[in-house]
Amino acid sequence: MDHPQQQPQPQPQPQQGPGEPSSKSAAKREAKQAEKLAKLAAKVAKKADAPATQKKKPVEKEKKEEEKPFVNTTPKGEKKDLSEPMASGYNPLAVEAAWYDWWNAQGYFAPTMGPDGKPKPEGTFVIPCPPPNVTGSLHIGHALTVAIQDALIRWNRMLGKSVLFVPGFDHAGISTQSVVEKRLYKTSGQTRHDLGREKFLESVWVWKSEYQERITSQLHRLGGSYDWNRVAFTMDENLSRAVVETFCQLHEDGIIYRANRLVNWCVKLNTTISNLEVEQLKLEGRTMLSVPGYGPKEKFEFGAITSFGYPIENSDERIVVATTRPETMLGDTAIAVHPDDPRYKHLHGKYVTHPFVQRRIPIITDAIAVDMEFGTGAVKITPAHDPNDYDVGVRHNLPFINILNDDGTFNENAGEEYKGMKRFHARTAVVEALKAKGLYVETKDNPMQVPLCAKSGDVIEPLMKPQWWVKCEPLAQAALERTRAGDLVITPKISEAEWYRWLENIQDWCISRQLWWGHRCPAYFVKIEGKTQDFSEGKNWVVGRTLEEATERAKVLANGAPFTLEQDEDVLDTWFSSGLWPWSILGWPEKTPDMANFYPSSVLETGWDILFFWVARMVMLGVKLTGQVPFKEVLCHAMVRDAHGRKMSKTLGNVIDPVDVIQGLSLEALGEKLHEGNLDEREIAKAKQGQKKDFPKGIPQCGTDALRFALCAYTGGGRDINLEILRVEGYRKFCNKIWNATKFAMLKLDETFVPEPTSKPTGNETLVERWILHKLNRAASDINQHLADRNFMLATTAAYNFWLYELCDVFIEAMKPMSDESASPSTRKSAQNTLYTCLDSGLRLLHPFMPFVTEELWQRLPRRPEDSTSSIMLASFPVHDEAFVSIDADRDFDLVFATIKTIRSLAAQYTLQSNLQVSVLATSPNEAGMLESQVPTIIALTKGLKAAQVVSRSTDIPAGCGSSVLSADLSVYLLVKGLVDLDAEIEKCEKKLGLVKMNADKIRTAQEKPGYEANIPEDVRSANSEKLRTLEAEIANLEESKEMFSRLK
């Protein structure tokens, strides 16, 4: 039964002895290595001694019959038949089959309410599942989300609470429209405009249905125990009603307003995006970059600053300005200088002549925008295309001249020569034209950041657009007040600090998007007959929950004049609708039972990267609309990266479908999946190279339980997870260990075995039974505490250590003599009950992380009398039980196991593997009596141990023994007479004596220093004295051994 190749970080250490510090794990590894070397040496010696004989023909081994591929024959929704014997080994596909459909069919995922229909007295626990986008399949980052959230959900359900886990999906306006447009063009050569809005949206709904079904299947495979009766989609009728209500309510309260302001315009997607969706590309200097929408070989210069001169009107003089975007000079409406700059005082109030368009440009003074020490001290101002210049334009009432069309070409305001020219072609053309006119000065390196669209990679253009905006400052203040008051807890702490910083510096939020897919703005332009109106001004618009309500409001605005209503073509930012998620999925704005019972939620678990995109907006809107913070806790998990620390990317070929990890996939099949997306052939070739490097043999079959456990084991509060598939595969071996241990245990629990009505100890348990029950209780206490602290790494480590190093490696081996036919019926019965309690509780402790294998194995265990629990997911989660606490047993068995380890170490030291004969010298009567009673356990847990005795006098130890000291009162002796090189052993004793005497002298020297008693703490002095006693006993032991080996010569 193999152990996983890698354990959680910090890795669970093989506990060499119960309760012993994990740093001693090296001893076990050394012992195993020595044992291997001993076996090898024995084989070599045997070969050397054997007479030369004719080589025998190799005996053909009987071929093992291959297991047939698993086929699930359980009808959907029915319980799996477990009447057949357990399989020889763990097969995740067979184990995981049928359980999810049965759980769902039985209604186990729905919240269990009290008799009065209200939540149970134990309380509620609610997680609104962050809705995945219907843009494509889930990746491994989503699997991390499911693993963490469902672990919390299953744990709280087993604690007896009314638990609600609502699944759902996000329409993801920009992303979904983009992938559907790409697919449309790739398959038919058509654009959405060729289809028209209505037909295009029909194709998006088809896409949505296909991918929602695919994602649902993935969530089933991952074992998420969602209440599927409450599944939600952000464009469902009730959620759409919540969006309209929110827009109207916020507009009525003056929070939503319309304004013609600078937005982040993505030419590629042809829409506005929010500040949070803009990524900054840092450049150190002049760099040639490709830009979407241009030829594959075309590149344009960034990271440079170009200086040129503007001619002063009616003068031979010129004023030099510099810009990183030369093309924007076509929209300049001022030159700003500092009012105190002596170089330009004579130019105050003058004008420059634009060299390419018929425009007089004033020279203005502005102490805010201009730094006299930077550059020439003169700044070109383009209010319609730069955020800083926009503010200058507002202060000085400058013209705002837009030179850019939505498609990234220049319009008539840029002049006839540049009209229709693409923006970056214009950049090159403007520089050449400046050179031709003798106005060009220079271009040089300029470290800078280039704003890129996070969705398309296109270079963002600041552009004037009349849009709908949310006034965020009052909403943010309310959110900050609630957070500071303790109504909301954010973990880890680093995310909390970022939370405060962002909300304190929040800007207004543009919520208009120039898309077709999404919630159309419930806003209407009131076109009044015979009246000139500005489309950008909010005073000419009305909003309405229905067309009838908008019409009534328009009548008031028109004041009796004829009018028509034109609904805004734009849709709302996706984050606006998903910002309502925690309460819209419960039926808001209606006062539903779900709102009364399950709002606010308990935990919002998500990635730290969308803390502001989504979480902050939910809190701001939740406080405003419902009067409550929508959840009590925000838990931010890490970002999953590949084994090299790289961000997951389709073009790198390192994006992993969790289902591929669950069921395994060949390298060839991995490559074929790349053709399902929108990658071009060049990108596919690059991705295949990445796959070949990372997964040369494909992805091994690991199973859901191993994947979930691994992802939780990685989660310890860091910002990133570098996922290694081999580590996940290691946890499949852990599942195999659990499987085989349970299978062995079932042989000990024969058909006549009936568990005791309660798990409480009887008081007649042996030492090892009391010890394992103490360890079980400690594991339960630790796991509950770690889950409460949201430390999944430590929680999985506690479960792992209990199963592997305490239950499997120690108790199951130690109980073998107690369950043999030679054992008394009472001893056997007690051992069986203890084993049952450990299996039953141990599986329940693992269930939140490993739902499938624990259900499969738990269903094979017999039930206690009067226990009719139908599923492990409904069973009680083990908690601290004082009846299981046994400090004495923990201490005593530590000593037993320390003795066992010492025997193993001595055997390895002398390369002995069988017929071991041991004497344990215990000078303490209590220790001697306890160890005497544990001789059968010592023999059971020590491979090759033939006989063991406990003695209280050194004269009872046979001559010819190697020895090791555990303490001043306890030593172990191994009979090696006739089996070792005596001279070599004498030399070892002498070397070790020198080292031990030196350590003892160090302590004596420290004790003899003046002020030792007064200055050194009592606990340190006590420890030093005990250590010196042990060292003195070891010195006596080594001198005795040296003398004994000398006598044997």
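Predicted model: local features only at pLDDT ≥ 70, side-chain atom pairs only at ≥ 80, totals over all residues.
Helix H21 covers residues 704–714 and helix H27 covers residues 851–860, and the two pack with their axes 7 Å apart at an angle of about 125°. That angle makes H21 oblique to H27.

## The cavity

Rolling a probe the size of a water molecule over the atoms shows where empty space is left. In this structure there is one cavity of 30 Å³ or more, and the space in the largest cavity comes to about 60 Å³.

The lining of the largest cavity is made up of Arg325, Glu327, Thr328, His385, Ile403, Leu404, Phe410, Arg423 and Glu461. Sorted by type, the lining residues of the largest cavity comprise four charged, three nonpolar and two polar.

## Helix H28 and the residue beyond its end

Helix H28, which runs over residues 887–909, has 23 residues, and the distance from its first C-alpha to its last is 33 Å, close to the 33 Å expected at 1.5 Å a residue. Just after H28 comes Thr911, a residue that takes a positive phi of about 50°.

## Backbone features in loops

Most residues other than glycine have a negative phi, and most peptide bonds are trans. Ala172 sits in the loop that lies between strand E3 (168–169) and helix H5 (173–188).

Cis peptide bonds are also found in the model, one of them running from Thr491 to Pro492 with omega near 0°. Pro492 belongs to the loop between strand E19 (489–491) and helix H12 (493–504). Another cis peptide bond joins Trp588 and Pro589, where omega is about 15°, and Pro589 is placed in the loop between helix H15 (581–584) and helix H16 (593–598).

Terms used: Residues numbered from 1 in each chain as written. Heavy atoms only, no water. 1 Å grid on protein atoms, 1.4 Å probe; cavity = no way out; pocket = protein on both sides within 12 Å on 5 of 7 lines; lining within 4 Å. Points joined across faces, edges and corners; volume = space filled by probe spheres on them. Nonpolar A, V, L, I, M, F, W, Y, C, P; charged D, E, K, R; others polar. Axes fitted to C-alpha atoms, helices over the stretch in contact; angles between N-to-C directions. Helix = DSSP H or I, 4+ residues; strand = E, 2+ residues; numbered from the N terminus. Parallel < 35°, antiparallel > 145°, perpendicular 65-115°, else oblique. Expected span 1.5 Å × (residues − 1).
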